[in-house]
Protein chains: 2
Amino acid sequence: MHPGETSTDAPAGPFDGLSLEHSSTVDRVAEELRRAVFEGELESGTPLREVALAESLGVSRPTLREALALLVAEGLATREPNRGVSVASPDPESVRDVSTARTVLETAGMRNWPHASEEAREAVRHALTAYEQAVAAGASYQELNQRHLAIHLSLVGLTGSPRLVSMAESVVAELRLALAQIDRVRRNARDQAGSHHHLLDLLESGDVDAAVAELGDHLHGAEDAIIERLELD
Amino acid sequence: MHPGETSTDAPAGPFDGLSLEHSSTVDRVAEELRRAVFEGELESGTPLREVALAESLGVSRPTLREALALLVAEGLATREPNRGVSVASPDPESVRDVSTARTVLETAGMRNWPHASEEAREAVRHALTAYEQAVAAGASYQELNQRHLAIHLSLVGLTGSPRLVSMAESVVAELRLALAQIDRVRRNARDQAGSHHHLLDLLESGDVDAAVAELGDHLHGAEDAIIERLELD
DNA sequence: CTCCCGATGATTGTCAGACAATCTGACAAC
DNA sequence: GTTGTCAGATTGTCTGACAATCATCGGGAG
(Lines give C-alpha, C1' and ligand atoms only; values in the text may rest on other atoms or scores of the structure.)
Protein backbone atom coordinates (compact mmCIF):
# COMPACT_ATOMS: atom_id res chain seq x y z
CA MET A 1 0.00 0.00 0.00
CA HIS A 2 2.90 2.29 0.70
CA PRO A 3 5.14 2.86 -2.28
CA GLY A 4 8.40 3.45 -0.48
CA GLU A 5 8.07 0.50 1.79
CA THR A 6 10.12 -2.64 1.45
CA SER A 7 7.78 -5.49 0.73
CA THR A 8 9.86 -8.25 2.22
CA ASP A 9 9.27 -9.10 5.84
CA ALA A 10 12.56 -10.85 6.43
CA PRO A 11 13.64 -10.19 10.01
CA ALA A 12 16.97 -8.46 9.33
CA GLY A 13 19.57 -9.36 6.77
CA PRO A 14 22.71 -8.07 5.13
CA PHE A 15 20.66 -7.07 2.10
CA ASP A 16 18.95 -3.99 3.45
CA GLY A 17 18.83 -0.89 1.37
CA LEU A 18 18.55 -3.03 -1.72
CA SER A 19 15.34 -2.54 -3.59
CA LEU A 20 14.68 -3.03 -7.24
CA GLU A 21 12.65 -0.56 -9.24
CA HIS A 22 9.65 -2.81 -9.74
CA SER A 23 7.57 -0.18 -11.41
CA SER A 24 5.24 -1.02 -14.20
CA THR A 25 5.16 0.87 -17.44
CA VAL A 26 1.89 2.47 -16.44
CA ASP A 27 3.45 3.84 -13.26
CA ARG A 28 6.41 5.25 -15.11
CA VAL A 29 4.18 6.92 -17.67
CA ALA A 30 1.99 8.40 -14.94
CA GLU A 31 5.06 9.64 -13.10
CA GLU A 32 6.42 11.28 -16.21
CA LEU A 33 3.11 13.02 -16.82
CA ARG A 34 2.98 14.24 -13.23
CA ARG A 35 6.47 15.61 -13.53
CA ALA A 36 5.60 17.42 -16.74
CA VAL A 37 2.54 18.92 -15.10
CA PHE A 38 4.36 19.99 -11.96
CA GLU A 39 7.21 21.52 -13.91
CA GLY A 40 4.74 23.58 -15.86
CA GLU A 41 5.69 22.02 -19.18
CA LEU A 42 2.02 21.37 -19.81
CA GLU A 43 -0.24 24.35 -19.54
CA SER A 44 -3.57 23.81 -17.83
CA GLY A 45 -6.29 22.92 -20.24
CA THR A 46 -3.89 21.30 -22.68
CA PRO A 47 -5.62 18.31 -24.25
CA LEU A 48 -3.66 15.09 -23.83
CA ARG A 49 -4.19 13.35 -27.14
CA GLU A 50 -3.85 9.62 -26.72
CA VAL A 51 -2.20 8.60 -29.98
CA ALA A 52 0.29 11.45 -29.98
CA LEU A 53 1.24 10.97 -26.33
CA ALA A 54 1.49 7.21 -26.65
CA GLU A 55 3.74 7.51 -29.64
CA SER A 56 5.81 10.22 -28.02
CA LEU A 57 6.35 8.11 -24.90
CA GLY A 58 6.86 4.91 -26.79
CA VAL A 59 4.00 3.00 -25.19
CA SER A 60 0.78 1.57 -26.47
CA ARG A 61 -2.51 3.35 -26.25
CA PRO A 62 -4.14 1.10 -23.63
CA THR A 63 -1.12 1.59 -21.36
CA LEU A 64 -1.31 5.32 -21.77
CA ARG A 65 -5.04 5.25 -21.09
CA GLU A 66 -4.46 3.54 -17.75
CA ALA A 67 -1.93 6.18 -16.82
CA LEU A 68 -4.36 8.92 -17.81
CA ALA A 69 -7.04 7.31 -15.66
CA LEU A 70 -4.63 7.56 -12.73
CA LEU A 71 -4.02 11.24 -13.37
CA VAL A 72 -7.75 11.85 -13.56
CA ALA A 73 -8.33 9.97 -10.31
CA GLU A 74 -5.71 12.18 -8.67
CA GLY A 75 -7.43 15.32 -9.85
CA LEU A 76 -4.49 16.43 -11.98
CA ALA A 77 -6.47 16.00 -15.17
CA THR A 78 -10.10 15.95 -16.15
CA ARG A 79 -11.88 13.66 -18.56
CA GLU A 80 -14.83 14.81 -20.60
CA PRO A 81 -16.76 11.97 -22.25
CA ASN A 82 -15.83 11.46 -25.87
CA ARG A 83 -13.64 14.53 -25.65
CA GLY A 84 -10.62 13.08 -23.96
CA VAL A 85 -8.40 14.05 -21.06
CA SER A 86 -6.84 17.44 -20.53
CA VAL A 87 -4.68 18.98 -17.84
CA ALA A 88 -6.88 20.24 -15.03
CA SER A 89 -7.33 23.98 -14.87
CA PRO A 90 -7.57 25.16 -11.29
CA ASP A 91 -10.32 27.69 -10.71
CA PRO A 92 -10.70 29.88 -7.62
CA GLU A 93 -13.42 27.66 -6.24
CA SER A 94 -11.29 24.52 -6.30
CA VAL A 95 -8.34 26.40 -4.82
CA ARG A 96 -10.55 27.49 -1.96
CA ASP A 97 -11.73 23.93 -1.49
CA VAL A 98 -8.21 22.58 -1.51
CA SER A 99 -7.30 25.15 1.09
CA THR A 100 -10.12 24.21 3.47
CA ALA A 101 -9.30 20.53 3.02
CA ARG A 102 -5.67 21.25 3.86
CA THR A 103 -6.70 23.25 6.88
CA VAL A 104 -8.81 20.41 8.22
CA LEU A 105 -6.13 17.77 7.68
CA GLU A 106 -3.18 19.76 8.97
CA THR A 107 -5.11 21.15 11.93
CA ALA A 108 -6.06 17.63 12.92
CA GLY A 109 -2.40 16.67 12.86
CA MET A 110 -1.28 19.62 14.94
CA ARG A 111 -4.00 19.08 17.53
CA ASN A 112 -2.61 15.59 17.91
CA TRP A 113 0.92 16.89 18.55
CA PRO A 114 0.97 15.93 22.24
CA HIS A 115 -0.23 12.38 21.52
CA ALA A 116 1.67 11.85 18.29
CA SER A 117 4.52 9.39 18.05
CA GLU A 118 7.99 10.76 18.65
CA GLU A 119 8.81 9.55 15.15
CA ALA A 120 6.10 11.73 13.62
CA ARG A 121 7.20 14.77 15.61
CA GLU A 122 10.78 14.19 14.55
CA ALA A 123 9.62 14.06 10.94
CA VAL A 124 8.18 17.56 11.29
CA ARG A 125 11.43 18.90 12.70
CA HIS A 126 13.38 17.19 9.97
CA ALA A 127 11.16 18.56 7.21
CA LEU A 128 11.57 22.06 8.60
CA THR A 129 15.35 21.93 8.83
CA ALA A 130 15.56 20.44 5.36
CA TYR A 131 13.52 23.33 4.04
CA GLU A 132 15.62 25.90 5.87
CA GLN A 133 18.81 24.38 4.56
CA ALA A 134 17.41 24.45 1.05
CA VAL A 135 16.57 28.12 1.48
CA ALA A 136 20.04 28.88 2.81
CA ALA A 137 21.64 26.98 -0.04
CA GLY A 138 19.62 28.92 -2.60
CA ALA A 139 17.96 25.82 -3.99
CA SER A 140 15.85 25.82 -7.12
CA TYR A 141 12.27 26.96 -7.17
CA GLN A 142 11.09 23.40 -7.67
CA GLU A 143 13.00 22.06 -4.72
CA LEU A 144 11.93 24.86 -2.41
CA ASN A 145 8.33 24.27 -3.34
CA GLN A 146 8.58 20.58 -2.71
CA ARG A 147 10.31 20.95 0.63
CA HIS A 148 7.82 23.56 1.72
CA LEU A 149 4.90 21.26 0.95
CA ALA A 150 6.74 18.42 2.68
CA ILE A 151 6.52 20.38 5.91
CA HIS A 152 2.76 20.59 5.61
CA LEU A 153 2.52 16.91 4.78
CA SER A 154 4.54 16.08 7.86
CA LEU A 155 1.98 17.97 9.91
CA VAL A 156 -0.72 15.63 8.64
CA GLY A 157 1.60 12.78 9.53
CA LEU A 158 1.13 13.75 13.15
CA THR A 159 -2.27 12.06 13.00
CA GLY A 160 -0.47 8.77 12.48
CA SER A 161 -3.00 7.85 9.82
CA PRO A 162 -1.63 6.69 6.47
CA ARG A 163 -4.98 7.34 4.82
CA LEU A 164 -5.13 10.94 5.95
CA VAL A 165 -1.58 11.44 4.73
CA SER A 166 -2.39 10.02 1.33
CA MET A 167 -5.45 12.26 1.14
CA ALA A 168 -3.24 15.21 1.96
CA GLU A 169 -0.81 14.14 -0.74
CA SER A 170 -3.59 14.12 -3.28
CA VAL A 171 -4.76 17.56 -2.22
CA VAL A 172 -1.24 18.93 -2.21
CA ALA A 173 -0.73 17.57 -5.70
CA GLU A 174 -3.58 19.73 -6.90
CA LEU A 175 -1.96 22.66 -5.18
CA ARG A 176 1.33 21.96 -6.91
CA LEU A 177 -0.54 21.99 -10.20
CA ALA A 178 -2.01 25.39 -9.42
CA LEU A 179 1.37 26.72 -8.34
CA ALA A 180 3.02 25.40 -11.48
CA GLN A 181 0.45 27.19 -13.62
CA ILE A 182 0.86 30.45 -11.76
CA ASP A 183 4.61 30.45 -11.75
CA ARG A 184 5.06 29.10 -15.23
CA VAL A 185 6.97 32.21 -16.17
CA ARG A 186 8.11 34.07 -13.11
CA ARG A 187 9.07 31.39 -10.65
CA ASN A 188 9.92 33.12 -7.43
CA ALA A 189 9.35 31.48 -4.08
CA ARG A 190 9.13 33.68 -1.05
CA ASP A 191 11.12 32.64 1.96
CA GLN A 192 8.61 31.35 4.48
CA ALA A 193 11.06 29.70 6.81
CA GLY A 194 10.38 32.17 9.60
CA SER A 195 6.67 31.50 9.70
CA HIS A 196 7.13 27.75 9.84
CA HIS A 197 9.83 27.95 12.45
CA HIS A 198 7.50 29.98 14.61
CA LEU A 199 4.84 27.31 14.09
CA LEU A 200 7.13 24.57 15.34
CA ASP A 201 8.21 26.64 18.32
CA LEU A 202 4.59 27.08 19.34
CA LEU A 203 4.03 23.33 19.08
CA GLU A 204 7.14 22.47 21.06
CA SER A 205 6.12 24.90 23.79
CA GLY A 206 2.75 23.20 24.03
CA ASP A 207 0.65 26.11 22.80
CA VAL A 208 -1.28 24.10 20.24
CA ASP A 209 -4.13 26.60 19.96
CA ALA A 210 -1.77 29.38 18.96
CA ALA A 211 -0.10 27.10 16.43
CA VAL A 212 -3.44 26.19 14.90
CA ALA A 213 -4.35 29.85 14.63
CA GLU A 214 -1.02 30.61 13.00
CA LEU A 215 -1.51 27.78 10.53
CA GLY A 216 -4.96 29.09 9.68
CA ASP A 217 -3.51 32.48 8.85
CA HIS A 218 -0.71 30.94 6.85
CA LEU A 219 -3.01 28.81 4.72
CA HIS A 220 -5.54 31.56 4.26
CA GLY A 221 -2.82 33.90 3.09
CA ALA A 222 -1.54 31.35 0.63
CA GLU A 223 -5.06 30.76 -0.64
CA ASP A 224 -5.63 34.45 -1.26
CA ALA A 225 -2.28 34.88 -2.96
CA ILE A 226 -2.92 32.00 -5.33
CA ILE A 227 -6.44 33.09 -6.20
CA GLU A 228 -5.33 36.63 -6.77
CA ARG A 229 -2.65 35.60 -9.22
CA LEU A 230 -4.97 33.05 -10.78
CA GLU A 231 -7.55 35.68 -11.62
CA LEU A 232 -5.23 37.94 -13.57
CA ASP A 233 -4.44 35.33 -16.16
CA MET B 1 -16.66 20.22 -11.75
CA HIS B 2 -19.75 19.25 -9.77
CA PRO B 3 -21.38 16.08 -10.97
CA GLY B 4 -24.97 17.08 -10.50
CA GLU B 5 -24.53 20.41 -12.16
CA THR B 6 -25.78 21.17 -15.62
CA SER B 7 -22.77 21.73 -17.81
CA THR B 8 -24.40 24.29 -20.06
CA ASP B 9 -24.08 27.87 -18.96
CA ALA B 10 -27.20 29.08 -20.66
CA PRO B 11 -28.83 31.65 -18.38
CA ALA B 12 -32.09 29.82 -17.77
CA GLY B 13 -34.03 27.78 -20.23
CA PRO B 14 -37.11 25.60 -20.43
CA PHE B 15 -34.88 22.52 -20.64
CA ASP B 16 -33.89 22.15 -17.03
CA GLY B 17 -34.13 18.84 -15.29
CA LEU B 18 -33.23 16.99 -18.46
CA SER B 19 -30.11 14.86 -18.27
CA LEU B 20 -29.05 11.79 -20.17
CA GLU B 21 -27.35 8.74 -18.69
CA HIS B 22 -23.87 9.18 -20.18
CA SER B 23 -22.13 6.28 -18.50
CA SER B 24 -19.25 4.47 -20.09
CA THR B 25 -18.77 0.73 -20.08
CA VAL B 26 -15.86 1.02 -17.67
CA ASP B 27 -18.04 2.88 -15.19
CA ARG B 28 -20.78 0.31 -15.40
CA VAL B 29 -18.32 -2.54 -14.88
CA ALA B 30 -16.75 -0.80 -11.89
CA GLU B 31 -20.17 -0.16 -10.42
CA GLU B 32 -21.16 -3.78 -10.81
CA LEU B 33 -17.96 -4.91 -9.10
CA ARG B 34 -18.54 -2.48 -6.22
CA ARG B 35 -22.04 -3.77 -5.79
CA ALA B 36 -20.82 -7.36 -5.70
CA VAL B 37 -18.22 -6.46 -3.11
CA PHE B 38 -20.61 -4.53 -0.90
CA GLU B 39 -23.24 -7.26 -1.06
CA GLY B 40 -20.68 -9.75 0.11
CA GLU B 41 -20.92 -11.84 -3.04
CA LEU B 42 -17.15 -11.70 -3.31
CA GLU B 43 -15.24 -12.81 -0.27
CA SER B 44 -12.23 -10.78 0.70
CA GLY B 45 -9.07 -12.11 -0.83
CA THR B 46 -10.86 -13.54 -3.83
CA PRO B 47 -8.63 -13.17 -6.88
CA LEU B 48 -10.32 -11.29 -9.72
CA ARG B 49 -9.09 -13.16 -12.78
CA GLU B 50 -9.16 -10.89 -15.78
CA VAL B 51 -10.15 -13.27 -18.54
CA ALA B 52 -12.86 -14.99 -16.53
CA LEU B 53 -14.35 -11.74 -15.28
CA ALA B 54 -14.20 -10.06 -18.66
CA GLU B 55 -15.93 -12.98 -20.28
CA SER B 56 -18.49 -13.21 -17.51
CA LEU B 57 -19.33 -9.52 -17.82
CA GLY B 58 -19.25 -9.51 -21.58
CA VAL B 59 -16.52 -6.91 -21.92
CA SER B 60 -13.01 -6.97 -23.26
CA ARG B 61 -9.96 -7.38 -21.08
CA PRO B 62 -8.60 -3.82 -21.44
CA THR B 63 -11.99 -2.43 -20.40
CA LEU B 64 -12.09 -4.70 -17.37
CA ARG B 65 -8.53 -3.72 -16.48
CA GLU B 66 -9.50 -0.05 -16.39
CA ALA B 67 -12.39 -0.88 -14.08
CA LEU B 68 -10.08 -2.91 -11.84
CA ALA B 69 -7.66 0.01 -11.68
CA LEU B 70 -10.54 2.14 -10.41
CA LEU B 71 -11.37 -0.38 -7.69
CA VAL B 72 -7.74 -0.50 -6.64
CA ALA B 73 -7.52 3.29 -6.52
CA GLU B 74 -10.57 3.29 -4.25
CA GLY B 75 -8.98 0.80 -1.89
CA LEU B 76 -11.61 -1.86 -2.49
CA ALA B 77 -9.09 -4.17 -4.13
CA THR B 78 -5.36 -4.62 -4.04
CA ARG B 79 -2.98 -5.31 -6.89
CA GLU B 80 0.14 -7.38 -6.44
CA PRO B 81 2.60 -7.10 -9.33
CA ASN B 82 2.31 -9.99 -11.77
CA ARG B 83 -0.19 -11.60 -9.48
CA GLY B 84 -3.28 -9.66 -10.35
CA VAL B 85 -5.86 -7.91 -8.23
CA SER B 86 -7.98 -9.41 -5.52
CA VAL B 87 -10.69 -8.16 -3.22
CA ALA B 88 -9.10 -6.22 -0.39
CA SER B 89 -9.02 -8.00 2.94
CA PRO B 90 -9.47 -5.54 5.80
CA ASP B 91 -7.10 -6.12 8.68
CA PRO B 92 -7.43 -4.60 12.15
CA GLU B 93 -4.80 -2.02 11.41
CA SER B 94 -6.59 -0.64 8.38
CA VAL B 95 -9.90 -0.63 10.23
CA ARG B 96 -8.30 1.42 12.97
CA ASP B 97 -6.90 3.79 10.38
CA VAL B 98 -10.23 4.15 8.63
CA SER B 99 -11.78 4.93 11.98
CA THR B 100 -9.33 7.69 12.84
CA ALA B 101 -9.72 9.16 9.37
CA ARG B 102 -13.48 9.16 9.80
CA THR B 103 -13.16 10.77 13.19
CA VAL B 104 -11.04 13.59 11.80
CA LEU B 105 -13.34 14.27 8.86
CA GLU B 106 -16.62 14.04 10.72
CA THR B 107 -15.36 16.00 13.70
CA ALA B 108 -14.26 18.77 11.37
CA GLY B 109 -17.75 18.89 9.93
CA MET B 110 -19.46 19.00 13.31
CA ARG B 111 -17.17 21.73 14.59
CA ASN B 112 -18.27 23.74 11.59
CA TRP B 113 -21.96 23.29 12.43
CA PRO B 114 -22.53 26.91 13.48
CA HIS B 115 -20.90 28.27 10.31
CA ALA B 116 -22.18 25.63 7.91
CA SER B 117 -24.72 26.46 5.24
CA GLU B 118 -28.35 25.92 6.12
CA GLU B 119 -28.47 23.52 3.20
CA ALA B 120 -25.77 21.32 4.73
CA ARG B 121 -27.46 21.33 8.12
CA GLU B 122 -30.74 20.39 6.51
CA ALA B 123 -28.98 17.50 4.77
CA VAL B 124 -27.96 16.11 8.15
CA ARG B 125 -31.51 16.31 9.47
CA HIS B 126 -32.82 14.70 6.32
CA ALA B 127 -30.32 11.84 6.46
CA LEU B 128 -31.27 11.15 10.06
CA THR B 129 -35.02 11.07 9.44
CA ALA B 130 -34.50 8.88 6.38
CA TYR B 131 -32.55 6.44 8.52
CA GLU B 132 -35.16 6.45 11.28
CA GLN B 133 -37.93 5.84 8.80
CA ALA B 134 -35.99 2.95 7.30
CA VAL B 135 -35.57 1.49 10.79
CA ALA B 136 -39.26 1.89 11.52
CA ALA B 137 -40.19 0.31 8.22
CA GLY B 138 -37.95 -2.68 8.91
CA ALA B 139 -35.82 -2.10 5.86
CA SER B 140 -33.21 -4.56 4.61
CA TYR B 141 -29.79 -4.87 6.16
CA GLN B 142 -28.21 -3.33 3.09
CA GLU B 143 -30.48 -0.30 3.10
CA LEU B 144 -30.05 0.31 6.83
CA ASN B 145 -26.32 0.16 6.46
CA GLN B 146 -26.31 2.59 3.59
CA ARG B 147 -28.60 5.09 5.30
CA HIS B 148 -26.57 4.88 8.48
CA LEU B 149 -23.38 5.70 6.62
CA ALA B 150 -25.19 8.48 4.78
CA ILE B 151 -25.70 10.21 8.11
CA HIS B 152 -21.99 10.19 8.75
CA LEU B 153 -21.27 11.46 5.24
CA SER B 154 -23.69 14.31 5.77
CA LEU B 155 -21.69 15.30 8.83
CA VAL B 156 -18.61 15.69 6.65
CA GLY B 157 -20.76 17.72 4.29
CA LEU B 158 -20.99 20.33 7.03
CA THR B 159 -17.47 21.39 6.09
CA GLY B 160 -18.85 22.53 2.73
CA SER B 161 -15.84 20.97 1.03
CA PRO B 162 -16.53 18.61 -1.88
CA ARG B 163 -13.04 17.18 -1.61
CA LEU B 164 -13.40 16.27 2.03
CA VAL B 165 -16.74 14.64 1.26
CA SER B 166 -15.25 12.57 -1.52
CA MET B 167 -12.42 11.53 0.78
CA ALA B 168 -14.99 10.47 3.33
CA GLU B 169 -16.85 8.53 0.68
CA SER B 170 -13.69 6.65 -0.17
CA VAL B 171 -13.04 5.84 3.46
CA VAL B 172 -16.62 4.80 4.06
CA ALA B 173 -16.42 2.52 1.05
CA GLU B 174 -13.61 0.64 2.75
CA LEU B 175 -15.76 0.40 5.82
CA ARG B 176 -18.65 -1.00 3.82
CA LEU B 177 -16.28 -3.63 2.49
CA ALA B 178 -15.27 -4.62 6.01
CA LEU B 179 -18.90 -4.70 7.14
CA ALA B 180 -19.87 -6.84 4.17
CA GLN B 181 -17.15 -9.34 5.02
CA ILE B 182 -18.14 -9.49 8.67
CA ASP B 183 -21.84 -9.85 8.09
CA ARG B 184 -21.60 -12.15 5.13
CA VAL B 185 -23.58 -14.72 7.01
CA ARG B 186 -25.39 -13.18 9.91
CA ARG B 187 -26.50 -9.80 8.72
CA ASN B 188 -28.02 -8.03 11.67
CA ALA B 189 -27.86 -4.28 12.03
CA ARG B 190 -28.33 -2.84 15.48
CA ASP B 191 -30.68 0.06 15.77
CA GLN B 192 -28.51 3.10 16.35
CA ALA B 193 -31.16 5.71 15.72
CA GLY B 194 -31.18 6.86 19.32
CA SER B 195 -27.50 7.64 19.41
CA HIS B 196 -27.64 9.66 16.25
CA HIS B 197 -30.73 11.53 17.27
CA HIS B 198 -28.99 12.52 20.46
CA LEU B 199 -26.05 13.71 18.39
CA LEU B 200 -28.24 15.98 16.32
CA ASP B 201 -30.00 17.33 19.40
CA LEU B 202 -26.64 18.30 20.88
CA LEU B 203 -25.71 20.09 17.65
CA GLU B 204 -29.00 21.93 17.42
CA SER B 205 -28.66 23.07 21.02
CA GLY B 206 -25.22 24.47 20.25
CA ASP B 207 -23.25 22.11 22.46
CA VAL B 208 -20.73 21.17 19.77
CA ASP B 209 -18.14 19.89 22.21
CA ALA B 210 -20.53 17.37 23.68
CA ALA B 211 -21.56 16.26 20.20
CA VAL B 212 -17.94 15.75 19.20
CA ALA B 213 -17.33 13.69 22.33
CA GLU B 214 -20.40 11.60 21.60
CA LEU B 215 -19.28 11.03 18.04
CA GLY B 216 -15.86 9.96 19.27
CA ASP B 217 -17.43 7.34 21.50
CA HIS B 218 -19.73 6.18 18.74
CA LEU B 219 -16.93 5.71 16.22
CA HIS B 220 -14.62 4.12 18.73
CA GLY B 221 -17.31 1.65 19.69
CA ALA B 222 -17.94 0.77 16.08
CA GLU B 223 -14.22 0.34 15.51
CA ASP B 224 -13.88 -2.06 18.42
CA ALA B 225 -16.94 -4.05 17.39
CA ILE B 226 -15.67 -4.50 13.85
CA ILE B 227 -12.16 -5.47 14.90
CA GLU B 228 -13.48 -7.90 17.44
CA ARG B 229 -15.61 -9.69 14.91
CA LEU B 230 -12.84 -9.48 12.34
CA GLU B 231 -10.41 -11.32 14.54
CA LEU B 232 -12.56 -14.38 15.13
CA ASP B 233 -12.69 -15.34 11.49
C1' DC C 1 12.45 -40.79 2.24
C1' DT C 2 13.30 -35.93 1.83
C1' DC C 3 14.63 -31.96 -0.65
C1' DC C 4 16.20 -29.27 -4.47
C1' DC C 5 15.45 -28.41 -9.33
C1' DG C 6 13.62 -27.81 -13.78
C1' DA C 7 9.54 -28.30 -17.14
C1' DT C 8 4.71 -26.95 -17.77
C1' DG C 9 0.59 -24.43 -17.65
C1' DA C 10 -1.75 -20.32 -16.13
C1' DT C 11 -1.96 -15.45 -15.61
C1' DT C 12 -0.58 -10.90 -16.06
C1' DG C 13 1.63 -6.89 -18.55
C1' DT C 14 1.97 -4.98 -22.83
C1' DC C 15 1.50 -4.34 -27.60
C1' DA C 16 -0.53 -3.73 -32.50
C1' DG C 17 -4.32 -3.04 -35.27
C1' DA C 18 -9.00 -2.29 -36.13
C1' DC C 19 -13.85 -0.57 -35.94
C1' DA C 20 -18.03 2.01 -34.49
C1' DA C 21 -19.66 6.09 -32.03
C1' DT C 22 -19.16 10.68 -31.24
C1' DC C 23 -17.45 15.37 -31.50
C1' DT C 24 -15.85 19.50 -34.30
C1' DG C 25 -16.06 22.55 -37.85
C1' DA C 26 -17.48 24.04 -42.27
C1' DC C 27 -20.51 24.34 -46.01
C1' DA C 28 -24.88 23.97 -48.51
C1' DA C 29 -30.03 24.39 -48.34
C1' DC C 30 -34.23 26.25 -46.85
C1' DG D 1 -30.57 32.81 -39.48
C1' DT D 2 -31.57 28.21 -38.68
C1' DT D 3 -31.21 23.56 -40.12
C1' DG D 4 -29.22 19.50 -42.48
C1' DT D 5 -25.24 17.15 -44.05
C1' DC D 6 -20.63 15.77 -44.65
C1' DA D 7 -15.48 14.97 -43.87
C1' DG D 8 -11.86 14.71 -40.55
C1' DA D 9 -10.28 13.79 -36.05
C1' DT D 10 -10.55 11.56 -31.63
C1' DT D 11 -12.21 8.59 -28.28
C1' DG D 12 -14.29 4.10 -26.56
C1' DT D 13 -14.00 -0.56 -27.18
C1' DC D 14 -12.83 -5.01 -29.15
C1' DT D 15 -9.87 -8.82 -30.93
C1' DG D 16 -5.80 -11.27 -31.01
C1' DA D 17 -1.29 -11.90 -29.83
C1' DC D 18 3.29 -12.27 -27.37
C1' DA D 19 6.91 -12.13 -23.66
C1' DA D 20 7.62 -12.18 -18.71
C1' DT D 21 6.49 -13.93 -14.57
C1' DC D 22 4.38 -16.97 -11.21
C1' DA D 23 2.47 -21.47 -9.19
C1' DT D 24 2.45 -26.33 -9.54
C1' DC D 25 4.14 -30.70 -9.88
C1' DG D 26 6.91 -34.57 -10.94
C1' DG D 27 11.72 -36.47 -11.05
C1' DG D 28 16.40 -37.09 -9.70
C1' DA D 29 20.26 -36.39 -6.16
C1' DG D 30 21.54 -36.97 -1.72
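A residue counts as near a molecule or strand here if its C-beta atom, placed from the backbone, lies within 6 Å of it. By that rule, 17 residues surround DNA strand C. This is a predicted model: local features need pLDDT of at least 70, side-chain atom pairs count only at pLDDT 80 or more, and totals for chains, interfaces and linings use all residues. Residues are numbered from 1 along each chain as its sequence is written, while chains are lettered from A and ligands numbered from 1 in the order in which they are written.

**Around DNA strand C**
- The closest residues are Ser24(A), Thr25(A), Ser60(A), Thr63(A) and Gly84(B).
- Two or more residues each come from α1 (25-38) and α3 (61-74) of chain A, along with α2 (50-57) of chain B.
- By type, this surface splits into 6 nonpolar, 7 polar and 4 charged residues; Ala, Val, Leu, Ile, Met, Phe, Trp, Tyr, Cys and Pro count as nonpolar, Asp, Glu, Lys and Arg as charged, and the others, Gly among them, as polar.

**Chain A at a glance**
- Chain A has 9 helices and 2 strands, in the order α-α-α-β-β-α-α-α-α-α-α. Helices (H or I, at least four residues) and strands (E, at least two) are DSSP runs, numbered from the N terminus.

**How the two copies sit**

**A look at helix α5 of chain B**
- The 19 residues of α5 (residues 118-136) should span 27 Å at 1.5 Å a residue, and the end C-alpha atoms are 27 Å apart, which agrees. The expected span is 1.5 Å times one less than the number of residues.
- Ala120(B), Val124(B), Ala127(B) and Tyr131(B) are its buried residues. They cover an arc of only 65° around the axis, so they lie on the same side of α5(B); the arc is that of the directions from the helix axis to the C-beta atoms.
- Turned away from that buried side are the exposed residues Glu118(B), Glu119(B), Glu122(B), Gln133(B) and Ala136(B).
- After α5(B) comes Gly138(B), with a positive phi near 65°.

Methods: Buried ≥ 20, exposed ≤ 12 C-beta atoms within 10 Å, placed from the backbone.
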